[in-house]
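User: I would like to go through this structure with you, starting with a strand pairing. Could you take me through it?
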Amino acid sequence: MPGDSRAHGAGCRAGEELGPDRLAQISTVPQKSLFSMSNESARRFAMLFGTALALWIALFLVLPKDLPFANDANSYLGGAAALSAGHGYRFEQYLNLPPIRMYPPGYSIWLSLFWKNGQPISRNSYRLEIANWLAAGAALVGLAACLFISELPSWLGWTLLISFGTSVLFTQLTVWLFSDVLFTAGTCGVAFLVATYDSERSDGRLALWWFCASLLIGALCLLRLAAVALAAGLGAFGLWNADLRRPLRLACFVVPVSVAVWLLQATTLPAYAPPLNVFRFGGLFVYALGSAAIAMLYGSQRWMVTVFLSVPDRLHYSHAFQHASALAEPLAFILGLAVFAVPIFLGIRRGPRQQKDRMALFIIGVYILELVFWSRYDGGRLGMPIIPFVLTFLARGLPSKASRIAFFTVLAVNIPANAWLSYKLIRSQEKESVQTLAELRQAASWINASAGPTSRVAAGRDVPLSHLYEYLGRRMLANVDVDVDPAAQGNIPAEYIVTRAPLESPIPRYQIKRRFGHWMVMAPN
């Protein structure tokens with residue numbers, strides 16, 4: 001072992017003689033293998049990974065059968081159906097199958113593995129729930145692995161894992177088919193890879209490490225464009241640390257990420273990421289103020305309250321706070337500062353002890369900058385992927401037993417409420433979806449009966465397109481001013497538009513024709 005060799009060398013330099021007695025003593029020292037674990041490590045492993053497995057199984061037991069997926073999921077489901085049918089990355093629900101230029105194709109590719117052509121949407125919906133449930137399992141196991149190698153005590157890591165796995169944010173992102181769950185599983189893999197970084201390795205092994213990191217981040221770029229920040233953070237560290245100043249390592253890091261970005265540029269980026277136009281946000285001054293406010297929210301770790309503490313995060317929904325809703329957000333903000341921001345700040349202030357800690361700081365810094373300049377606060381949903389990188393500094397910011405007990409108490413008190421809220425929300429949403437989808441089917445049947453099966457139909461923003469496509473029995477015009485430029489379909493006017501009730505803003509030249517519970521059918525004036 002390297003440590004034994006160093007000890008041997010130190011002993012020889014000190015003039016120590018290795019006689020028969022000393023050799024016999026050395027031979028009796030147990031040698032550690034790569035996969036050996038002490039009893040304490042084995043208990044830690046069983047506690048964390050057993051809990052991850054239990055949370056994963058519990059989540060399966062509450063998976064809904066069919067939900068009225070809308071917004072982001074419309075693109076994911078349309079792309080999955082088109083890819084499964086061999087049509088490419090396109091909107092399967094729309095006339096002429098226009099290409100999807102809103103989101104990278106990675107998540108739709110994952111869902112397409114579970115989509116079965118010719119099956120009703122209700123069956124495919126449950127298959128896709130299984131797909132995201134598998135992604136949730138990967139995220140739980142990945143976080144358990146990061147907690148296993150972290151400096152947090154076992155009981156504290158165990159509490160964090162349960163708080164994460166039972167939170168409303170995590171369970172809602174899972175059942176509503178958001179790509180954030182799979183993306184978080186990927187960032188856990190990056191964080192675990194960062195933990196294995198050793199600048200003392202040979203040039204060939206370091207080049208292989210940089211290649212593996214770039215390959216993983218390149219795959220994440222195809223899933224979420226936000227992964228570019230991971231590449232930028234690693235690249236900045238490599239240049240600062242002189243690791244990437246050698247041609248071989250630089251090539252190993254640059255090539256996989258560049259290929260992924262080139263693929264996005266060819267398929268998604270032209271419409272998804274146009275140059276930043278600050279005038280869309282009211283001008284440079286308003287944009288700067290908004291970015292400063294977002295920076296304050298992320299810096300206060302308010303988003304971590306959303307990730308781990310569902311009750312304080314959702315106080316404004318409580319009946320008890322209906323008359324004092326203005327107090328709910330300040331309370332959550334203060335809780336984020338006290339429980340998360342202060343320990344993380346203290347951990348960072350103590351300074352990184354190893355190069356891998358500095359690497360994590362680079363990644364966190366660049367990723368937070370990306371979120372700030374995005375000029376839109378999505379809280380825990382966008383912050384969740386960097387939790388594996390924050391664990392080191394959170395652990396070092398809780399050095400005393402009293403601080404750890406206080407942190408544990410806050411999390412433990414919230415865990416039962418997390419689980420109860422998650423369960424109640426999923427069950428109520430599943431129950432409501434039965435009525436909602438039945439009403440949508442009635443709207444589609446009324447359109448077909450009134451205007452025949454060839455009428456041109458469009459849908460509003462929050463309408464589940466895959467369900468409406470099946471209920472109508474034909475493809476629709478592109479979503480009104482959201483998914484596809486109307487010019488791409490010849491600016492053909494719709495004879496009917498299906499929207500969610502109540503209507504957020506009027507649609508010019510259209511009036512309400514019929515109401516079907518949660519839905520309205522509109523026709524030209």
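Analyst: Ala459 stands opposite Val498 in strand 2. Strands, like helices, are DSSP runs numbered from the N terminus (strands: E, at least two residues; helices: H or I, at least four). The model is predicted, so to speak of its limits: local features need pLDDT of at least 70, side-chain atom pairs count only at pLDDT 80 or more, and totals for chains, interfaces and linings use all residues. Residues are numbered from 1 along each chain as its sequence is written, and side-chain values use heavy atoms, with hydrogens and water left out.

User: How many bridges join strand 1 to strand 2, and do they run parallel or antiparallel?
Analyst: Strand 1 and strand 2 run parallel and are joined by 3 bridges. Two strands pair if DSSP finds at least two bridges between them.

User: What is the strand order of the sheet?
Analyst: The order is 1-2-4-3, in an open sheet of 4 strands with mixed pairing. Strand 1 (457-459) and strand 3 each have a single partner strand, so one side of each edge strand lacks a neighbour in the sheet. On average, neighbouring strands of this sheet are turned by 30° against each other, direction ignored; the axes behind such angles are lines fitted to C-alpha atoms, for helices over the stretch in contact, and angles run from 0 to 180 degrees between N-to-C directions.

User: Which residue of strand 4 is the bridge partner of Val498?
Analyst: Val521 is the partner of Val498. Strand 2 (residues 496-500) pairs with strand 4 in the antiparallel sense over 4 bridges.

User: Is strand 4 mostly covered or uncovered?
Analyst: Strand 4 (residues 519-524) is mostly covered, with 5 of its 6 residues buried. Buried means under 20% relative accessible area, exposed over 50%, and partly exposed in between (1.4 Å probe, protein chains only).
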